[in-house]
Amino acid sequence: MDLKELLGEELYKQVTEKAGDNKIAVVSDGNYIPKDKFDAVNKEKNDYKKQVSERDTQLEELKKVDAEGLQAKIDELQQTNETQKTEYEDQLQQQQFDFALKDALSGAKVKNPKAVKALLDTEKIKLDGETLLGLDDQLKAIKESDPYMFEEDKQEPGKPSFTTGQHQTGGGNGDPSNLQEALAQHFTQQN
């Protein structure tokens, strides 16, 4: 419904004369929107346009990225990390083996550990915890073939035995009792 129908013919003429060139709108006809609501809707529309524009820019940037190249790089880095981890673990195991072998050779009283180690087939020796499996048999074979490479087992000399009793001094069985008698006896025998 427009303003003319609402006011009637006569009242409409009076209002238009009073208003002059200003246009009069009927608010209830749905064509009028309050300014704050218009601004809110307009701002929201502009925000959406900005977001769509940003997303379009992001999509264009993602199109430039070589997904296959990135996946290949990721796979390469994973392989490198796995290789380094394996090498590090192998190095630690080798160090443990070397330390255990060095201790075992010193315990076997080897004179020159480097020389004996060169004679060992280390591929047949396995480290099980702190025990070297297969080492004893090889050391026995080397000890039989090259005994000079090992220190001899030194047995402690027996403790001297002392007997109690009276000792005879001089002349009883012909033994000298002091140095003078010993020298005299020595030189008299030579003459």
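View 1. Glu60 is partly exposed, at 42% relative accessibility (buried is under 20% relative accessible area, exposed over 50%, partly exposed in between, with a 1.4 Å probe and protein chains only). The model is predicted: local features need pLDDT of at least 70 and side-chain atom pairs pLDDT 80 or more, while totals for chains, interfaces and linings use all residues. Residues are numbered from 1 along each chain as its sequence is written, and side-chain values use heavy atoms, with hydrogens and water left out. The side chain of Glu60 forms a salt bridge with that of Lys63, at 3.4 Å from N to O (a side-chain nitrogen of Lys or Arg within 4 Å of a carboxyl oxygen of Asp or Glu). Both residues belong to helix H3, three residues apart, or about one turn of the helix (helices, H or I with at least four residues, and strands, E with at least two, are DSSP runs numbered from the N terminus). Lys63 is exposed, at 63%.

**View 2. Glu61 and Lys64 in helix H3.** A salt bridge joins the side chains of Lys64 and Glu61, 3.5 Å from N to O. These two residues also lie in H3, three residues apart. Lys64 is exposed, with a relative accessible area of 64%, whereas Glu61 is partly exposed at 44%.

**View 3. Asp98 and Lys117.** The structure holds five salt bridges, one of them between the side chains of Asp98 and Lys117 at 3.7 Å, N to O. Asp98 is in helix H4 and Lys117 in helix H5 (residues 113–119), so the pair ties together parts that are 19 residues apart in sequence. Asp98 is partly exposed at 27% relative accessibility, and Lys117 is partly exposed at 35%.

**View 4. The largest pocket.** Its volume is about 210 Å³ (the space filled by probe spheres set on grid points, which are joined across faces, edges and corners). A pocket is an open set of points on a 1 Å grid over the protein atoms alone, where a 1.4 Å probe fits, with protein on both sides within 12 Å along at least five of seven lines; lining residues have an atom within 4 Å of a point. The lining consists of Gln93, Gln94, Gln96, Phe97, Thr122, Glu123, Ile125, Lys126 and Leu127. Helix H4 (67–107) and strand S1 (126–128) each give two or more residues to this lining, and H4 gives the most, with four.
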